[in-house]
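Reader: I am new to this structure and would like to learn how to read it. Could we take one feature at a time?

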Amino acid sequence: MSVDADLAQAMRWFNTARGDLDTARALLGLKRYAPACFHAQQAAEKAFKGLLVATGRLPKTHSIAQLLRELPEDPERHPRLVLAARLDKLYIATRYPDALPEGTDIAEAYDAKDAQEAIAVAEGTLALLQQWGGELGVPTS
């Protein structure tokens, strides 16, 4: 892809991340905490992919910890993004009943505090990565 195509694709990743964040907030309002946590994780994952696409890379992983390691070096930004790796634990366990200990109901395993914390981390991650993307020339929608 060309640089312009990479930047346009990055914008689409960021737009999708914002949509997932909106979905997480709506699910929180509906007291659907596990899916809210999942969509917060998705928002952060897609924000990382947006930034990486802007640099010409798109790793095939759903692990935020792995995506964090793929970022261009910038010591000032990494400490603020490390929190996002905590969202990795929400990728599978919030969606599949057999990912939790036997007898655990997904709907009871996550509460409002879990969802609020996941959304807050995703919001901060998305804001920072979008800003970084803007510095690379990613257009805003």
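Author: We can start with a single contact. The model is predicted, and in it the backbone oxygen of Leu90 lies 2.5 Å from a polar atom of the side chain of Thr94.

Reader: Where is Thr94 found?

Author: Thr94 is in the loop between helix 4 and helix 5.

Reader: Which residues is Thr94 in contact with, leaving aside its neighbours within four places in sequence?

Author: Thr94 is in contact with Ala34, Cys37, Phe38, Ile106 and Tyr110, once those neighbours are left aside. Tyr110 in turn touches Tyr33, Ala34, Cys37, Lys89, Leu90, Ala93, Thr94 and Leu100, with residues up to four places away in sequence not counted.

Reader: How should I read a pair of aromatic rings?

Author: Two values describe such a pair, the distance of the centres and the angle of the planes. A search of the whole structure finds one aromatic pair. The ring centres of Phe38 and Tyr91 are 6.2 Å apart and the planes are at 40°, so this pair is tilted.

Reader: What does the pair tie together?

Author: Phe38 belongs to helix 2, while Tyr91 is in the loop between helix 4 (78–81) and helix 5 (106–109), so the pair ties together parts that are 53 residues apart in sequence. Both Phe38 and Tyr91 are buried.

Reader: Which residue lies over the face of Tyr91?

Author: Arg95 does, at 4.6 Å from the ring centre. Tyr91 also has a contact with Gln42, a residue that is in contact with Asp20 as well, leaving aside neighbours within four places in sequence. Gln42 has its place in helix 2 and, at 10% relative accessibility, counts as buried.

Reader: How many residues are in the largest nonpolar core?

Author: That core has 44 residues, and those with the most contacts inside it are Phe48, Leu71, Leu81, Tyr110 and Leu129. The elements giving two or more residues to this core are helix 1 (3–29), helix 2 (33–54), helix 3 (64–70) and helix 6 (112–136). Helix 2 gives the most, with 13 residues.

Reader: What do the buried residues of helix 1 pack against?

Author: They pack against helix 2 and helix 6. Among the buried residues of helix 1 are Asp6, Trp13, Phe14, Asp20 and Leu27.

Reader: How is the length of helix 1 read?

Author: Compare the reach with the expected span. Helix 1 has 27 residues and reaches 39 Å from its first C-alpha to its last, close to the 39 Å expected at 1.5 Å a residue. Just after helix 1, Lys31 takes a positive phi of about 60°.

Notes: Residues are numbered from 1 along each chain as its sequence is written. This is a predicted model: local features need pLDDT of at least 70, side-chain atom pairs count only at pLDDT 80 or more; totals for chains, interfaces and linings use all residues. Side-chain values use heavy atoms; hydrogens and water are left out. A nonpolar core is a set of buried Ala, Val, Leu, Ile, Met, Phe, Trp, Tyr and Cys residues joined through side-chain atoms within 4.5 Å. Buried means under 20% relative accessible area, exposed over 50%, partly exposed in between (1.4 Å probe, protein chains only). Helices (H or I, at least four residues) and strands (E, at least two) are DSSP runs, numbered from the N terminus. Contact means heavy atoms within 4.5 Å. Rings of Phe, Tyr and Trp (its six-membered ring) pair if their centres lie within 6.5 Å; planes under 30 degrees apart count as stacked, over 60 as edge-to-face and the rest as tilted. A charge sits over a ring if NZ of Lys or CZ of Arg is within 6 Å of the ring centre and within 35 degrees of the ring normal. The expected span of a helix is 1.5 Å times one less than its number of residues. A polar contact is a pair of N or O atoms within 3.5 Å; within protein, one must be able to donate a hydrogen and the other to accept it, and residues adjacent in sequence count only if both atoms are side-chain atoms.
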